[in-house]
2 protein chains.
Amino acid sequence: MRPIGVFDSGVGGLTVVKELIHQLPHEDIVYFGDTARVPYGIKSRETVIRFSIENILFLLKQDVKLICVACNTASSFALPVIKNHFKVPIVGVISPGVREAVYATQNKRIGVIGTKGTIKSRTYEIEINQLEPEVKVTAVACPLFVPFVEEGWLSGDVVLDVARTYLKPLKDARVDTVILGCTHYPLLRPVIKQVLGENVTLIDSAKQVAVEVKKILGSENILNTKGKGKHSFYVSDNPEWFSGLAERFLGNSLKKKKKAVSG
Amino acid sequence: MRPIGVFDSGVGGLTVVKELIHQLPHEDIVYFGDTARVPYGIKSRETVIRFSIENILFLLKQDVKLICVACNTASSFALPVIKNHFKVPIVGVISPGVREAVYATQNKRIGVIGTKGTIKSRTYEIEINQLEPEVKVTAVACPLFVPFVEEGWLSGDVVLDVARTYLKPLKDARVDTVILGCTHYPLLRPVIKQVLGENVTLIDSAKQVAVEVKKILGSENILNTKGKGKHSFYVSDNPEWFSGLAERFLGNSLKKKKKAVSG
C-alpha cells in the first residue's frame, strides 16, 4: 500500500507521472517538484547531487516503496553516485530511453537533446555505447527549450527558428533516432518532428520508465493490483505556478485530482 | 576600508557592479551571485525574501559597509520587508529607476518591463504613482528575455520577434519612457530600441543606483577617495558558468580582475 515517489526539479517530471498513472492505475503516487531551486539544467554536478539527495530524503519521509528520478539532469549527474546508497529501488530516466533508442535505430546514428547539464555529463553517450559500441551519438544542448515550454510557446515561427538552429547538428549527422533527453521536450514534439522530418524516431523515455517501474514492483511483489491510486503533489515553492503548468503536462483528465502543497 | 556588498540571483547584477566600479573606483566590492538557486523571477514572494535575507547574512560576514540589492525581483519583493531590519544601509534598484523615469517622461506614460515576480509585485507602479500620481504605468513581464541573454542570443530575428510580442502593449499605450526593470535587459537595449523606436527613453537604473550609493557613503563619511578598489566575486554554484557570462556583463576591461569562488 506504500506509494511510488517521483521527483523532478519542477514540473517536467509530470510527463513521467502521466505515464505512470496510465500504466499503473492502482498505485498511489507522491510527486515532489523542487520549484524553489528550479531549473537544474544549468547547475553544477555537485549541486544537482546535493539537491537530489535532499529530494530523496523528503520522499523517504513519505514512506515510498520506489523512487523515480523524473529529471534527466538529476538522473545524469546524481544517479550513478547515489543509486547504491539507498535501500529503496531508484529508477532514472536515462537507461530506459537508451534501451529504446538502441532498439529503434537502423543506421546506428542516435541523436540526444537535453539541458546543458545532461549533455555535459555525457551519461547518454556512455550508456548508449556500453550497450552498443558501434552507435555514433550526436548530443546537443537546447537550453531555450525549457523556458519556451514553461512560457507556453509550443509552436510558431520563433520556436521553429530556435529548433532549426539547435537541431542542425542532428540533421547534419543524419541520425534516424533522437532521444528527447529532458522531460519538458515531449511538449515540443510537433516542432521537433517538423524540423527533423517524419522519418526520424523520437524517443520519449516516460513510457519505458513506467514499464521498468512496473517490472521492479512486480519482481519484488509490491505491485498494487486493486483500487484506484491516489496522487499527491508537493512543491518547494509557488504552488500556483506549478498548478498552472501542471495541466499542460498532465492533460485535462487530471484537473480535479491534483493538489499542490508547499513541501 | 570596508567593502560595498552587492548581491543578485545570478550574473545580472554585474551590470550594477560595472557602474559602481566606474563611479566609485576607490571602493572595494564583494559580489555574491546565488547561482545555485537562480533565477528568482519565477519564484514566490516568501521564497525570494528568504533567499535575500540569506544573501545579506553572507555579505555581512564579509563585513560590508553598505549592501546593494542588484536584482529587481529581490528589490521588489524583499526590500520593503527587510530594509529596516538591518543596521547596514541597503540600496535597491527600484527607487533610483523610478526617480529617473518620472523625471524623463514628457507625456506621463511610463512602461515597465521585468520578470514575472517583479511585475506581479506591482512595486514599480506603486512607487511611480507615489512620486507622481498622474503617471499612467503599463507594466509587462518578459520572461524569455533572461534566458535569451544568458544564452547569448542578443540580436537576430528570433529575439526581435519575441521582443515585438512582449513590447506591443507598451507601443499601444504610447509610452515615451521605459524602465528596464531587470538587470539582464540592458544587454538587449539595441533590440528593445529597435522595437520601441528612437524616441522612447530607456531607463537602466544601474547608473542611478551608483549615484545613490555614492551619496549615502558620502553622507555617512565612509566614502573611499584613495587607492584602487579590489573586487571579489562569490557564487553559490557553478563558478565556470558565472565566469563565462561575467565578461558579457562587465565588458572586457575587467577580464583579469575577476575571480569566482564557490561561496
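This is a predicted model: local features need pLDDT of at least 70, side-chain atom pairs count only at pLDDT 80 or more; totals for chains, interfaces and linings use all residues.
Residues are numbered from 1 along each chain as its sequence is written, chains are lettered from A and ligands numbered from 1 in the order in which they are written, and side-chain values use heavy atoms, without hydrogens and water.

Visitor: How many cavities of 30 Å³ or more does a search of the whole structure find?
Guide: On a 1 Å grid over the protein atoms alone, a cavity is a set of points where a 1.4 Å probe fits but cannot get out. Points are joined across faces, edges and corners, and a volume is the space filled by probe spheres set on the points. The number of cavities found is four.

Visitor: What is the volume of the largest cavity?
Guide: Lining residues have an atom within 4 Å of a point, and 44 of them line the largest cavity, A:Pro39 and B:Pro39 being among the closest to its centre. The volume is about 780 Å³.

Visitor: Where does the second largest cavity lie?
Guide: This cavity holds about 50 Å³ of space, and its lining includes A:Val93 and A:Asp204. Domain bounds come from an automatic or database assignment. Both domains of chain A give residues to the lining, so the cavity lies between domain 1 (4-92 + 207-259) and domain 2 (94-205).

Visitor: What is the strand order of the open sheet in chain B?
Guide: Strands are DSSP runs (E, at least two residues), numbered from the N terminus, and two pair if DSSP finds at least two bridges between them. Strands S6 (136-141) and S8 (201-203) of chain B are the edges, each pairing on one side only. With parallel pairing, the order is S6-S5-S7-S8.

Terms used: On a 1 Å grid over the protein atoms alone, a cavity is a set of points where a 1.4 Å probe fits but cannot get out, and a pocket is an open set with protein on both sides within 12 Å along at least five of seven lines; lining residues have an atom within 4 Å of a point. Helices (H or I, at least four residues) and strands (E, at least two) are DSSP runs, numbered from the N terminus.
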